[in-house]
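Me: I should like to go through the assignments made for this structure and ask for the reasoning behind each. Please set each value against its criterion.

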Amino acid sequence: MKVFERIVLAVDAADDAHGALAAAVDLADKSNGEILVVHVHDLGLTTREAVDLETHEDAGLFVEALLDVVRQHGVKARGELRAARSVEVAGEILQAARKFSADSIVLGARGLGDLAGLLMGSVAYRVIQHADCPVVVVRAGAAPAVGEHGGAAVTSVA
């Protein structure tokens with residue numbers, strides 16, 4: 001069995017990040033691993049419409065808050081903030097994972113459903129299709145917060 005020592009935690013401020021955070025911390029804790037928290041600051045759908053959906057400062061604070069939680073659980077962590085258009089978010093996550101030599105990627109998913117996922121595209125689906133390592137997808141609200149009993153409820157692994 002492969003040990004997941006280098007874990008990318010890819011989170012979106014719009015997602016409920018607790019489940020993905022719990023899963024990543026659990027994996028890193030069991031393998032004495034390290035987590036790279038990656039947040040892609042979403043710039044919108046097209047360059048013509050490039051409007052910040054969140055401020056760069058808010059995105060940085062979000063990453064720092066997640067790093068604080070990970071480190072409070074004794075897990076080594078660092079953060080990376082990237083910016084991209086909506087259609088490029090998955091590519092940014094994959095690029096960060098390759099650069100980090102990740103053993104696994106953990107990410108949250110809103111579970112938009114088939115129609116919304118088809119129309120808007122699913123970051124999780126694109127990451128699963130193109131990743132060079134296993135991907136753990138945790139649906140929003142599917143797992144307890146870090147530190148609660150029971151670990152993370154993983155809804156799909158690819």
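Me: What makes the contact between the side chains of aspartate 26 and lysine 30 a salt bridge?

Reply: The model is a predicted one. In it, the N to O separation between the side chains of aspartate 26 and lysine 30 is 3.2 Å. The criterion asks for a side-chain nitrogen of Lys or Arg within 4 Å of a carboxyl oxygen of Asp or Glu, so the pair of aspartate 26 and lysine 30 qualifies as a salt bridge. The two residues stand four apart in helix α1, and therefore about one helical turn separates them.

Me: Why is lysine 30 called exposed?

Reply: Its relative accessible area is 66%, and exposed means over 50%. Aspartate 26, with 29%, is partly exposed, because that class lies between under 20% and over 50%.

Me: Why is aspartate 103 counted as buried?

Reply: The relative accessibility of aspartate 103 is 14%, and buried means under 20%; therefore aspartate 103 belongs to the buried class. This residue is placed in the loop between α3 and β4, and its side chain reaches the backbone nitrogen of glutamate 5 at 3.0 Å.

Me: How do you know that the span of helix α2 agrees with its number of residues?

Reply: Helix α2 holds 17 residues, 56–72, and at 1.5 Å a residue they should span 24 Å. The C-alpha atoms at its ends are 25 Å apart, which agrees with that expectation.

Me: Which residues of α2 are buried, and how do you know that they line one face of the helix?

Reply: The buried residues of α2 are Ala59, Phe62, Val63, Leu66, Leu67 and Val70. Viewed down the axis of α2, they fall within an arc of 135 degrees, so they line one face. They pack against α1, β2 and β3, whereas Glu57, Leu61 and Gln72 are exposed on the other side of α2.

Me: What makes arginine 98 and aspartate 132 a pair that ties together parts apart in sequence?

Reply: Their side chains meet in a salt bridge, with 2.7 Å from N to O. Arginine 98 lies in helix α3 and aspartate 132 in the loop between α5 and β5, so the pair ties together parts 34 residues apart in sequence. Aspartate 132 is exposed at 64% relative accessible area, while arginine 98 is partly exposed at 45%.

Me: How many salt bridges does a search of the whole structure find?

Reply: The search finds seven. Salt bridges also link Arg6, Glu34 and Arg78 in a network.

Technical notes:
Residues are numbered from 1 along each chain as its sequence is written. This is a predicted model: local features need pLDDT of at least 70, side-chain atom pairs count only at pLDDT 80 or more; totals for chains, interfaces and linings use all residues. Side-chain values use heavy atoms; hydrogens and water are left out. The expected span of a helix is 1.5 Å times one less than its number of residues. Buried means under 20% relative accessible area, exposed over 50%, partly exposed in between (1.4 Å probe, protein chains only). The arc is that of the directions from the helix axis to the C-beta atoms. Contact means heavy atoms within 4.5 Å. A polar contact is a pair of N or O atoms within 3.5 Å; within protein, one must be able to donate a hydrogen and the other to accept it, and residues adjacent in sequence count only if both atoms are side-chain atoms.
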